[in-house]
Amino acid sequence: MVSISEDNKRLIRFQSLSRYSNFYQADGIAITKDDQHISGIGAHRHDYYELEYISAGEGLQWINGYTYVVKKGDVIFFRLQDTHEYDSFRGMDVVNCCFHPDVVPEVKLLENDTMGAVVVHLTEEAQREFEQLLSLLQKECAQKKEYCAEATRHYLQLLIIFLKRTGYMSKTDGVLWSELLRFLSENYQTVTLDEAAAFMHVTKNYFCRAFRKTTGMTFLSYLTNLRINAAKTLLISTDMPVVNIWDTVGFSQAKHFYHAFRRETGCTPTVFRSQFKQGYMQ
């Protein structure tokens, strides 16, 4: 878990969203698009609600101090109190639906859930439906036709209902999976499959199937992503020798680390550090 001081939690206000080149607003609702997202704006929270959708690529999210691997098809609901920061090394495209707290009362369906902000992966079919609703909402915000206010609220209500129907805000399973991902974020260096299954109180076979269905990834792939992203952070932010990094982030053998790192980034750790410091990473 990453500790974030109150002084470092920058407040982003709704009116500042117009800084995006792809920005569409109508009556307290805005759609923003951040294509080929490279770096975040630091740890921050909003004075508005936000539905964030990863429409392409993959990257890393820090949410309320916890680390999550995010990729195409993931959606997150951010409440007013949630703090987050995100970054990407593999061309992440993000679509945000932002809205004032008083725009639609249905937001309380999400706000009141104990699950809070957590990354949830949509199935391919659900992704298509979610993207269609976002597109219709964006179109209304852009065209501002007659009854625009009513139409934008309508599509936002449908987005919220859609998330409820897909089980995004399940108060039982959702909370437990959220706790599991936080547990993995805090213990990725040493956690085992047995420990993760025990955390969910299920057998290993059931856990593996459920984990892949919920996250879209195998347990090993998810854990490897956490470790590789931790290695990237160390390569960028410290001068720690590469020979020490693989063991620090939880790899049992150097050859496994180098193979996984090259598969994820297309280069060696040394080249990655060198290119980033020279300003070539995009």
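1. A word on confidence to begin with: pLDDT is the predictor's confidence in each residue, from 0 to 100. This is a predicted model, in which local features need pLDDT of at least 70, side-chain atom pairs count only at pLDDT 80 or more, and totals for chains, interfaces and linings use all residues. Residues are numbered from 1 along each chain as its sequence is written, and side-chain values use heavy atoms, leaving out hydrogens and water.

2. The chain has an average pLDDT of 81, and 83% of the residues score at least 70. Confidence is lowest in helix 1 (residues 108-111), with a mean of 62, and highest in helix 8 (residues 242-248), at 92. Helices (H or I, at least four residues) and strands (E, at least two) are DSSP runs, numbered from the N terminus.

3. Please look at helix 7 (residues 219-237) and helix 9 (residues 254-265), whose axes come within 10 Å and cross at roughly 85°. Axes here are lines fitted to C-alpha atoms, for helices over the stretch in contact, and angles run from 0 to 180 degrees between N-to-C directions. The two helices are therefore roughly perpendicular (65 to 115 degrees). In contact terms (heavy atoms within 4.5 Å), T224, N225, I228, A231, K232 and L235 of helix 7 meet F257, A260, F261, R263, E264 and T265 of helix 9.

4. Helix 5 (residues 193-200) and helix 6 (residues 204-215) have axes that come within 9 Å and cross at roughly 85°. This makes helix 5 roughly perpendicular to helix 6. Here L193, D194, A196, A197 and M200 from helix 5 meet K204, F207 and C208 from helix 6.

5. What about the interior? A nonpolar core is a set of buried Ala, Val, Leu, Ile, Met, Phe, Trp, Tyr and Cys residues joined through side-chain atoms within 4.5 Å, where buried means under 20% relative accessible area (1.4 Å probe, protein chains only). The largest such core has 46 residues, and L180, L184, F207, F211, Y222, V249 and F257 have the most contacts inside it. Helix 7 gives the most to this core, with 9 residues.

6. V249 deserves a click: leaving aside neighbours within four places in sequence, V249 touches Y188, Q189, R227, A230, A231 and L234.

7. Lastly, G91 sits in strand 8 (residues 84-99). At 19% relative accessibility, G91 counts as buried. The C-alpha atoms of G91 and G57 are 5.2 Å apart, although 34 residues separate the two along the chain.

Conventions. Parallel < 35°, antiparallel > 145°, perpendicular 65-115°, else oblique. Buried < 20%, exposed > 50% of the residue type's maximum accessible area, 1.4 Å probe, protein only.
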